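Let's take a walk through a protein model and see which side chains pair up. Have the sequence and the 3D view open as you read.

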Amino acid sequence: MSFSRISTVGVLVLGMGLAWSAQAQQANMTFFVTSAGSGKGGDLGGLEGADAHCAALAKAAGAKTTNWHAYLSTNLPGGDQGVDARGRIGKGPWQNAKGVVVAKSVADLHSEHNNVNKQTALTEKGEPIKGRGDTPNEHDILTGSDPDGRFSTAGGDTTCGNWTKSGEGSAIVGHHDLQGLKDTRHMKSWNSSHGSRGCSQDLLKGSGGAGLFYCFAAN
């Protein structure tokens, strides 16, 4: 066998090995940002629809885990406590599609020591999400939550009608890239930066979003 033939075979084997390694990591993935939203802005079909979207994307990517929950909070009528995002996602630890751990526990996730940032908050395909400075900016990630991962008490609509509205309303979003127009703690928050301009897909795009959200394996 010629040297060129051996080299070609070696490259093919290396490529197959890398592909297998990537697939193995995605199979063990327990955290990701959705590569696409519902297409209807803040209307995700409620928590049930959002969870189903997480599960469908994870399955398509080859993840072994099937119990996926969206990191979203809700409010009851009158602004009373509904569902807290932090209570939906299990105990951890969680790792992305590249095998990088983003948090060891719920407490770790909601501390300054978490590892959620532009380099680690990847899609289910292991791809980065565009952030501030990219075109288009899509760093607004829907959460409806306060920094501690609980339902927001900011007043007014903070969850796009508990994730059923695609027109008027608003939702609290976080910045996965930890970047904002103002150098403040909130603007650099992965889960609670500001309210959206509205709940339609166009209005979410207008403020730097695409209707994306975080998904966690509820282990």
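## Charged pairs

A search of the whole structure turns up seven salt bridges, where a salt bridge is a side-chain nitrogen of Lys or Arg within 4 Å of a carboxyl oxygen of Asp or Glu. Before we go on, note that this is a predicted model: local features need pLDDT of at least 70, side-chain atom pairs count only at pLDDT 80 or more, and totals for chains, interfaces and linings use all residues. Residues are numbered from 1 along each chain as its sequence is written, and side-chain values use heavy atoms, with hydrogens and water left out.

| Salt bridge | N to O distance |
|---|---|
| Asp43 and Lys40 | 4.0 Å |
| Asp148 and Arg86 | 2.9 Å |
| Lys118 and Asp134 | 2.6 Å |

Where does the pair of Asp148 and Arg86 sit in the chain? Asp148 is in the loop between strand 5 (140-142) and helix 4 (160-163), while Arg86 is in the loop between strand 2 and strand 3, so the pair links distant parts of the chain, 62 residues apart. Helices (H or I, at least four residues) and strands (E, at least two) are DSSP runs, numbered from the N terminus.

How open are these residues? We'll call a residue buried under 20% relative accessible area, exposed over 50%, and partly exposed in between (1.4 Å probe, protein chains only). Asp148 is partly exposed because its relative accessible area is 31%, whereas Arg86, at 18%, counts as buried.

Now for Lys118 and Asp134: both residues lie in the loop between helix 3 (106-109) and strand 5, so their pair ties together parts that are 16 residues apart in sequence. Lys118 is partly exposed, with a relative accessible area of 25%, and Asp134 is partly exposed too, at 30%. Some bridges also share partners, and these join Asp84, Arg86, Asp148 and Arg150 into one network.

## Rings in pairs

A pair of aromatic rings is described by the distance of the centres and the angle of the planes. Rings of Phe, Tyr and Trp (its six-membered ring) pair if their centres lie within 6.5 Å; planes under 30 degrees apart count as stacked, over 60 as edge-to-face and the rest as tilted. The structure holds eight aromatic pairs.

Take Tyr71 and Trp190: their ring centres are 5.0 Å apart and the planes sit at 45°, so this pair is tilted. Tyr71 is in the loop between strand 2 (68-70) and strand 3 (94-95), and Trp190 is in the loop between strand 6 and strand 7 (194-195), 119 residues apart. Tyr71 is buried at 0% relative accessibility, and Trp190 is buried at 6%.

Why is the pair of Trp94 and Phe216 called edge-to-face? The ring centres are 5.3 Å apart and the planes are at 85°, so Trp94 and Phe216 count as edge-to-face. Trp94 belongs to strand 3 and Phe216 to strand 8 (residues 209-217), so this pair ties together parts 122 residues apart in sequence. Trp94 is buried, with a relative accessible area of 0%, and Phe216 is buried at 0%. Ring pairs also link Phe31, Tyr71, Trp94, Trp190, Tyr214 and Phe216 into a cluster.

## Sulfur links

A disulfide is a covalent bond between the sulfur atoms of two cysteines. With the rule that the sulfur atoms must be within 2.5 Å, the count comes to two disulfides.

In one of them, the sulfur atoms of Cys54 and Cys215 are 2.0 Å apart, and the link is left-handed, with -75° about the S-S bond. Cys54 lies in helix 2 (residues 46-60) and Cys215 in strand 8, so the pair ties together parts that are 161 residues apart in sequence.

Cys160 and Cys199 form a disulfide with their sulfur atoms 2.2 Å apart. The link of Cys160 and Cys199 is left-handed, with -100° about the S-S bond, and both cysteines are buried. Number the bonded cysteines in sequence order and the pairing reads 1-4, 2-3.
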